[in-house]
Amino acid sequence: MEAVEAADGGRDVHAWDAEITLDRLRGDIRRFASDRDWEQFQTPRNLLLALVGEVGEVSEIFQWKGEVDNGLTGFSEEEKKHLGEELSDVLFYLLRLSDVCGIDLGQAAGKKLLKNIEKYPVSKCYGKSTKYNKL
Ligand SMILES: [Mg+2]
């Protein structure tokens, strides 16, 4: 794969490795947009609509397949690759939407997980799909 150097002399965006973090991905997506002068189009509303569109693309992959088992054993390698790409599109728009809204998604998600841990104590909800207010 051809390496591409960003205008700001940043690192090679094709050099993905195991060091990816949510924050690094957010920065790379921000730079991807700024390198193309796309910030002007990336308003919260536009990004939200793009996100919903990408969720629709994920839905299309599962459409008409009936119930699908964990691990997607009935999927071809090509279908799994396609799913990975569409889920990535969802993540990109989610991160970009959070970024333009001034929300640190990693921090927000960490706090929300703590809230959920309190809402759904293991002792009350183990093996149950009941909503927290019905436990
Ligand atoms: Mg897509």
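# Helix contacts, questions and answers

Colleague: Which residues of helix 2 does helix 3 meet, and which residues of helix 3 are involved?
Modeller: In this predicted model, the helix 2 side of the contact is formed by Pro44, Leu47, Leu48, Ala50, Leu51, Glu54, Val55, Glu57, Val58 and Ile61. Their partners in helix 3 are Glu79, His82, Leu83, Glu86, Leu87, Asp89, Val90, Tyr93, Leu94, Arg96, Leu97 and Val100.

Colleague: How many residues of each class does the contact of helix 2 with helix 3 have?
Modeller: The residues of this contact may be sorted by class into nonpolar, polar and charged. The counts are 15 nonpolar, one polar and six charged.

Colleague: Are helix 2 and helix 3 roughly parallel or roughly antiparallel to each other?
Modeller: The axes of helix 2 (residues 44–62) and helix 3 (residues 77–100) come within 9 Å and cross at roughly 165°. Angles over 145 degrees count as roughly antiparallel. The crossing is also left-handed. The two helices are therefore roughly antiparallel.

Colleague: Where is Glu54 found, and is Glu54 buried, partly exposed or exposed?
Modeller: Glu54 belongs to helix 2. Leaving aside residues up to four places away in sequence, Glu54 touches Glu86, Asp89, Val90 and Tyr93. A buried residue would need 20 or more other C-beta atoms within 10 Å. Because Glu54 has 19 such atoms within 10 Å, Glu54 is partly exposed.

Colleague: How far apart in space are Glu54 and Ser88?
Modeller: In sequence, Glu54 and Ser88 are separated by 34 residues. From C-alpha to C-alpha, their distance in space is 9.2 Å.

Colleague: How is helix 1 oriented relative to helix 3: roughly parallel or roughly perpendicular?
Modeller: The axes of helix 1 and helix 3 come within 9 Å, and their crossing angle is roughly 85°. Angles of 65 to 115 degrees count as roughly perpendicular. Helix 1 is therefore, relative to helix 3, roughly perpendicular.

Colleague: Which residues make the contact of helix 1 with helix 3, and how many of them are charged?
Modeller: Helix 1 contributes Leu25, Arg26, Ile29, Arg30 and Ala33, while helix 3 contributes Phe92, Leu95, Arg96 and Asp99. By class, the residues of this contact include five nonpolar and no polar. The number of charged residues is four.

Colleague: What covers the buried residues of helix 3?
Modeller: The buried residues in helix 3 are Phe92, Tyr93, Leu95, Arg96 and Leu97. In the protein, buried residues amount to 5% of the 135 residues. The cover over those in helix 3 includes helix 1, helix 2 and helix 4 (105–119).

Colleague: How far apart are the end C-alpha atoms of helix 1?
Modeller: Helix 1 (residues 22–35) has 14 residues, which at 1.5 Å a residue should span 20 Å. Just after helix 1, Asp37 takes a positive phi of about 55°.

Colleague: What distance does helix 3 reach from its first C-alpha to its last?
Modeller: For the 24 residues of helix 3, 34 Å is expected at 1.5 Å a residue. Gly102, which follows helix 3, has a positive phi near 75°.

Terms used. Residues are numbered from 1 along each chain as its sequence is written. This is a predicted model: local features need pLDDT of at least 70, side-chain atom pairs count only at pLDDT 80 or more; totals for chains, interfaces and linings use all residues. Helices (H or I, at least four residues) and strands (E, at least two) are DSSP runs, numbered from the N terminus. The expected span of a helix is 1.5 Å times one less than its number of residues. Axes are lines fitted to C-alpha atoms, for helices over the stretch in contact, and angles run from 0 to 180 degrees between N-to-C directions. Angles under 35 degrees count as roughly parallel, over 145 as roughly antiparallel, 65 to 115 as roughly perpendicular and the rest as oblique. A crossing is left-handed if the near helix is turned anticlockwise from the far one by less than a right angle, and right-handed if clockwise. Two residues are in contact if their C-beta atoms, placed from the backbone, lie within 7 Å. Ala, Val, Leu, Ile, Met, Phe, Trp, Tyr, Cys and Pro count as nonpolar, Asp, Glu, Lys and Arg as charged, and the others, Gly among them, as polar. A residue is buried if 20 or more other C-beta atoms lie within 10 Å of its own, exposed if 12 or fewer, and partly exposed in between; C-beta atoms are placed from the backbone.
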